[in-house]
Amino acid sequence: TFPGQSREAVVSTQSTGITVYVVNLLLYITHYVLIKTLQYQESIRTTQLVVYASMVIAWVMGMYYLLFETSIAPGIAPALSREGAKSCLILEMFDGHDAWHFLSALGMFLSSFLILILDDGQNDIQTSHLAVF
């Protein structure tokens, strides 16, 4: 933290930046899928829908743990931070911040994987006939 800056301001700023990134990512991918399916009548495969739904679930659950179940305290001693920490949620070992890390890693993987496989159905179409938007 900087002099005169509270812990809440630091956590709020970090959470806001991450939230904006995740919402932006989800909106862009959703927009792309909607344009493909509604405007250009391209089909979406079942695998792509499952990955899309899993990605949204992972990000929503991850953001919940980041915004509501995380008790991080930057700039204070580890012993004091441990005293204020919430109880462990997963296997009596991992807390909400760990759950955020697990779910955000899964969300990032699924986002990248979806971007990779989203146009797999276009392999048989000549490039001159592909819709560009």
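Biologist: Why does K36 count as buried?

Modeller: In this predicted model, K36 has a relative accessibility of 1%. Buried means under 20%, so K36 counts as buried.

Biologist: What makes E42 and K36 a salt bridge?

Modeller: The closest N and O atoms of E42 and K36 are 2.7 Å apart. The cut-off for a side-chain nitrogen of Lys and a carboxyl oxygen of Glu is 4 Å, so the pair qualifies. E42 is at 16% relative accessibility, and the limit for buried is under 20%, so E42 counts as buried.

Biologist: What makes K36 and D119 a salt bridge?

Modeller: Here, too, the distance decides: the closest N and O atoms of K36 and D119 are 2.7 Å apart, and the rule asks for within 4 Å. This pair links distant parts of the chain, with K36 in helix α1 and D119 in the segment after α4, 83 residues apart.

Biologist: Why is D119 called partly exposed?

Modeller: D119 has 33% relative accessibility. Partly exposed lies between the 20% limit for buried and the 50% limit for exposed, so that is the class of D119.

Biologist: How many salt bridges does a search of the whole structure find, and what joins K36, E42 and D119 into one network?

Modeller: The search finds two salt bridges. Salt bridges that share partners join K36, E42 and D119.

Biologist: Now to the rings. Why is the pair of Y64 and Y65 called edge-to-face?

Modeller: Their ring centres are 5.4 Å apart, and rings pair if the centres lie within 6.5 Å.

Biologist: How do you know whether F68 is buried or exposed?

Modeller: F68 is at 54% relative accessibility, and exposed means over 50%, so F68 counts as exposed. Y64, at 38%, is partly exposed.

Biologist: Which residues have the most contacts inside the largest nonpolar core?

Modeller: They are I29, M55, W59 and L114, in a core of 17 residues. Helices α1 (7–39), α2 (46–68) and α4 (96–117) each supply at least two residues, and α2 gives the most, with six. Leaving aside neighbours within four places in sequence, the contacts of W59 include V22, L25, L26 and W100.

Biologist: Last one: why is L91 called exposed?

Modeller: L91 has a relative accessible area of 70%, and the limit for exposed is over 50%, so L91 belongs in that class. L91 sits in the loop between α3 (78–84) and α4. With L89, I90, M93 and F102, L91 makes a nonpolar surface patch of about 520 Å².

Definitions and conventions: Residues are numbered from 1 along each chain as its sequence is written. This is a predicted model: local features need pLDDT of at least 70, side-chain atom pairs count only at pLDDT 80 or more; totals for chains, interfaces and linings use all residues. Side-chain values use heavy atoms; hydrogens and water are left out. A nonpolar core is a set of buried Ala, Val, Leu, Ile, Met, Phe, Trp, Tyr and Cys residues joined through side-chain atoms within 4.5 Å. Buried means under 20% relative accessible area, exposed over 50%, partly exposed in between (1.4 Å probe, protein chains only). Helices (H or I, at least four residues) and strands (E, at least two) are DSSP runs, numbered from the N terminus. Contact means heavy atoms within 4.5 Å. Rings of Phe, Tyr and Trp (its six-membered ring) pair if their centres lie within 6.5 Å; planes under 30 degrees apart count as stacked, over 60 as edge-to-face and the rest as tilted. Patches are made of residues with over 30% relative accessible area and no salt bridge: like charges are joined within 9 Å, nonpolar side chains (Val, Leu, Ile, Met, Phe, Trp, Tyr) within 5 Å. Accessible areas come from the Shrake-Rupley method with a 1.4 Å probe; for residues, only the protein chains shown count as cover.
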